[in-house]
There are 2 protein chains.
Amino acid sequence: MSRYDQKHEFILRTAARIFAEKSYHSTSMRDISRATNVSLAGLYHYCKSKEELLFLIQDNCFGRVLERLEQRLGGVADPITKLGIFIENHLSFFAANMSEMKVLSHEAESLGGDLYNHVSTRKDKYTQLARQILREVQETQQSQEPIDLTVATYALFGMMNWIYNWYDPHGKLKVSDLSSNVMKLFLNGFVPNGMCSSLAIPSESPSVWSHG
Amino acid sequence: MSRYDQKHEFILRTAARIFAEKSYHSTSMRDISRATNVSLAGLYHYCKSKEELLFLIQDNCFGRVLERLEQRLGGVADPITKLGIFIENHLSFFAANMSEMKVLSHEAESLGGDLYNHVSTRKDKYTQLARQILREVQETQQSQEPIDLTVATYALFGMMNWIYNWYDPHGKLKVSDLSSNVMKLFLNGFVPNGMCSSLAIPSESPSVWSHG
DNA sequence: CTAAAATCCGAACGAACGTTCGAACCGAGA
DNA sequence: TCTCGGTTCGAACGTTCGTTCGGATTTTAG
């Protein structure tokens, strides 16, 4: 990896951290300059604009979650196992990349035009994938009053994406505990009397995920 | 209500709408001036600063949720009924005041100093109240592996507060459907084999809640 | 009607913003 | 050694920001 690419990544990572700390719109290029020890003008050797920084953070991050998810879902047929993989994948990546994921969740509307559309399309694809898994899970059960699929999908994302408001990856609660609790909470609620105990989700080492 | 108070409220409501649309930091006082037909300087007759606008929106909004909740919880002893009231209260207020609640959820960290502390204290109180209800619910059951209380509390808030990202109060899904689905989803997940059907939550007319 | 009080606003302030430009610096190939 | 991309940055540009000020206008009270 070239010197240019290394510095480019370092700037992206630092920008993500600051965006997460004080939000995109109240972070100035001068803040990023200060934190990276790159001069204000020098930053523009590595990005076209402040908005492109935000886009690259969001798009890289999303790409990695999606790519990893598709790898891990390959060949798996059982819907409940798929759901378990989906949740574990999302949460463990989230926990290992809190800044980027906070920016992805919190600054969705800070992009405009084509950049917004690009990320938005990816997000829709991801959402539809979750919805499809939930539909499959629901069809394996027969309930008198099934939970509305839209509510269930967004409730799941709500649970998972809200964690940047409270979760400390370095605290007592381990990522695996977080995942299994969310999994139990959601799956038991979504399909009462479901077979949560039949789960065997392959978990991954954090080093695969983390930037550092 | 005096002429001053009416206009003051109108400015707050309009500001909340614009803050929700394009975020606090990228909304200018000139935007609010344009939307309210009050001159830029004239706005400062009704607020001390832009930050005070944000504070008043958040604090008023929170005050109304809390006040209403305490009224409705008065005299209720059954933990599961309390949980139902809590969820219905939160969601129906949210749905009737989407802009304000989005600002409350999304711009929490945009306040600084004492203003932030004030809102934050209220938020903690609200969170602790939810946590206490969940603890009571959990104590009425005995489960082998109970769900972590912290995860459950924030998962519930995640589900509920995420709705500003997708829910359309004027769409097909009624608020009562949203509430009952979230209630079923969460309660079944939190206490499997719980007695969800025993619920009788008094619902309120939207006119009690809505600004307009 | 008159005068005081409340309400309103055009114009301007200094500060901070994103971005650009031309020149300086540097390491590597000739 | 010289040269030439690739890299860096001080300084500045034009714009927009939140806020203020003095006075104009409207409402209210005696």
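## Close-up views of a predicted model

View 1. With 20 C-beta neighbours inside 10 Å, A:Ala96 counts as buried, because the cut-off for burial is 20 or more. This is a predicted model. A:Ala96 belongs to helix H5 of chain A, which covers residues 79–96. A:Leu156 is 60 residues away from A:Ala96 along the chain. The C-alpha atoms of A:Ala96 and A:Leu156 are separated by 19 Å.

**View 2. The fold of chain A.** Chain A is built from 10 helices and zero strands. Read from the N terminus, its elements run α-α-α-α-α-α-α-α-α-α. The C-alpha trace spans about 60 × 35 × 30 Å along its principal axes. For 212 residues, a compact globule would have a radius of gyration near 17 Å. Chain A has 19 Å, which agrees. Of the 212 residues of chain A, 38% count as buried. Now take the contacts in chain A with a separation of 6 or more. Residues 24 or more positions apart account for 72% of them.

**View 3. Helix H7 of chain B and what covers it.** Helix H7 of chain B takes in residues 113–140. At 1.5 Å a residue, its 28 residues should span 40 Å. The end C-alpha atoms of H7(B) are 41 Å apart, which agrees. Which residues of H7(B) are buried? They are B:Val119, B:Ala130, B:Ile133, B:Leu134 and B:Val137. What covers these buried residues includes four helices of chain B: H4 (50–73), H5 (79–96), H8 (149–161) and H9 (175–190).

**View 4. Helix H9 of chain B.** H9(B) has 16 residues, which should span 22 Å at 1.5 Å a residue. Its end C-alpha atoms are 22 Å apart, so expectation and model agree. H9(B) is mostly covered. Of its 16 residues, 13 are buried.

**View 5. The contact between chains A and B.** Chain B brings 28 residues to the contact, and chain A brings 29 residues. On the side of chain B that touches chain A, the elements giving two or more residues are H8 and H9 of chain B. H9(B) gives the most to this side, with 10 residues. By class, the side of chain B that touches chain A has 16 nonpolar, nine polar and three charged residues.

**View 6. The axis that relates the two chains.**

**View 7. The surroundings of DNA strand C.** DNA strand C is surrounded by 18 residues. The closest are A:Ser28, A:Ala41, A:Ser49, B:Ser39 and B:Ala41. Several helices give two or more residues to the surface near DNA strand C. From chain A these are H2 (29–36), H3 (40–43) and H4 (50–73). From chain B they are H1 (3–22) and H3 (40–43). By class, the residues of this surface divide into eight nonpolar, five polar and five charged.

**View 8. The surroundings of DNA strand D.** DNA strand D has 18 residues around it. A:Ser39, A:Ala41, B:Ser28, B:Ala41 and B:Ser49 come nearest. The elements that give two or more residues to the surface near DNA strand D come from both chains. Chain A supplies helix H1 (3–22) and H3. Chain B supplies helix H2 (29–36), H3 and H4. The residues of the surface near DNA strand D divide into eight nonpolar, five polar and five charged.

View 9. Most residues other than glycine have a negative phi. Phi of A:Asn37 is near 60°, a positive value. A:Asn37 sits in the loop between H2 and H3 of chain A. Is A:Asn37 buried or exposed? A:Asn37 is exposed, with 9 other C-beta atoms within 10 Å. In chain B, phi of B:Asn37 is likewise positive, near 60°. B:Asn37 is placed in the loop between H2 and H3 of chain B. B:Asn37 counts as exposed because it has 9 C-beta neighbours inside 10 Å.

Terms used. Residues are numbered from 1 along each chain as its sequence is written. Chains are lettered from A and ligands numbered from 1 in the order in which they are written. This is a predicted model: local features need pLDDT of at least 70, side-chain atom pairs count only at pLDDT 80 or more; totals for chains, interfaces and linings use all residues. The expected span of a helix is 1.5 Å times one less than its number of residues. A residue is buried if 20 or more other C-beta atoms lie within 10 Å of its own, exposed if 12 or fewer, and partly exposed in between; C-beta atoms are placed from the backbone. Two residues are in contact if their C-beta atoms, placed from the backbone, lie within 7 Å. Ala, Val, Leu, Ile, Met, Phe, Trp, Tyr, Cys and Pro count as nonpolar, Asp, Glu, Lys and Arg as charged, and the others, Gly among them, as polar. A residue is near a molecule or strand if its C-beta atom, placed from the backbone, lies within 6 Å of it. The radius of gyration is taken over C-alpha atoms; the globule rule is 2.2 Å times the number of residues to the power 0.38.
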